[in-house]
Amino acid sequence: MDKSATPRILVVCRGSSEHGLGHVMRARTVASWLSKRLPVDVLAIGDLEVIEPLLRGRGLTFWVEANLAGALPLYRRLNPQVVVFDTMEFPVDDFLAIKRDTMTVSLSPAFNCQPHVHLVFHRTQYLTQDLIGLGSSVTIRRGLDYVVLRETCHKIPEDTYIRNLNRGPLAVAISMGGVDATNHTLQLLTSISQLSTPLLLWVLLGEGYAHSYQALVDCVSADTRHEIILAKTTDSLWRVMETCSLAILAGGITTYEAAFAGLPSINLLRNDLGPPLLKELVERGVGIPAGPPFLAALPQVNAELVRLEQSRPELLQMHRSANGLIDGRGAERIANEIEEFYHAEYRPACKLSAPDKCQAA
């Protein structure tokens, strides 16, 4: 039997204090959908103590390696027909060795091997720098149809949002990512604490937050105007955020989850990758950009908080503008299209160019 009719998939992702955990979260969701139909393995590169809890108990076969050197040996041992990458960096020579015999897919908006990938999925119609000018050999599927959401993210019903919005003080969620290596959380909280407008601040600390909690506590203790709650969250993130009326985010995957859920967001952008990723949500009226750079944008965030606290009908309109924007089926759609592309595009071309490499292992 020709086993290549049912391709084996290897999903390679990376997460650490330096690279954050968004790649791992997105990769595990796509891997879960792929595993409903196909044999799937996951290789996560990075910090074991941070990554393993994100993958454990989800029905996935996975490995965690400390660095990228472990990727090629595992690939050779598993011999998959498709490798899905969700990382910003991978050794080019190793990637080309994989591509010689394998269909390659990228889920990341920035990836050093992007020019060599067969198929790219991109969550907005606007291209990032790494996707501009790619040759015809790279197929790009782009738009909000390809937004990948974690399983615990749900839409906020309008009556629930209105009820929370009408309460005082305004409830604001702060989430600077699962790792927040530069401790933007503390910098942001210190800045907001200077506002005289009372707020209820939910400060959500991710799985990899390794900075001093005491520094956050001291910041909270020095402030008497705001109610501030510190919470370490993993899968419970959206159980908290759905009770809020506004979120301050870092412009990553959680920003798109907020757009799906109907939670307006102010987004502190850290680098030039942020603006094109956020542009479509800004145009649709569900997100507000600030920065880059981060520190220079803090006064703008404060000004927006004061304005929106006094203009709550605008927040309600942003909530309503999010309705139907993202259908929540991005991961399922990506999984289906990977399999379809393999059978319709990659495998026929492979048979023509190198038929001996298209046979089952």
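Q: Which residue is the bridge partner of I248 in β12?
A: This is a predicted model, in which local features need pLDDT of at least 70, side-chain atom pairs count only at pLDDT 80 or more, and totals for chains, interfaces and linings use all residues. Residues are numbered from 1 along each chain as its sequence is written, and side-chain values use heavy atoms, with hydrogens and water left out. Strands β11 (residues 246-249) and β12 (residues 265-268) run parallel and are joined by three bridges, where strands are DSSP runs of E of at least two residues, numbered from the N terminus, and pairing requires at least two bridges. Within β12, the partner of I248 is I266.

Q: Which strands are the edge strands of the open sheet of six strands?
A: The sheet has parallel pairing and the order β10-β9-β8-β11-β12-β13. Strands that pair on one side only are its edges: β10 (227-232) and β13 (287-290).

Q: Which residues touch the most other members of the largest nonpolar core?
A: A nonpolar core is a set of buried Ala, Val, Leu, Ile, Met, Phe, Trp, Tyr and Cys residues joined through side-chain atoms within 4.5 Å, buried meaning under 20% relative accessible area (1.4 Å probe, protein chains only). Among the 64 residues of this core, those touching the most other members are L188, I192, M241, I248, L268 and L305.

Q: How many disulfides does the structure hold?
A: A disulfide is counted when two cysteine sulfur atoms lie within 2.5 Å. For C13, the nearest cysteine sulfur is that of C113, 16 Å away. The number of disulfides is zero.

Technical notes. Buried means under 20% relative accessible area, exposed over 50%, partly exposed in between (1.4 Å probe, protein chains only). Helices (H or I, at least four residues) and strands (E, at least two) are DSSP runs, numbered from the N terminus.
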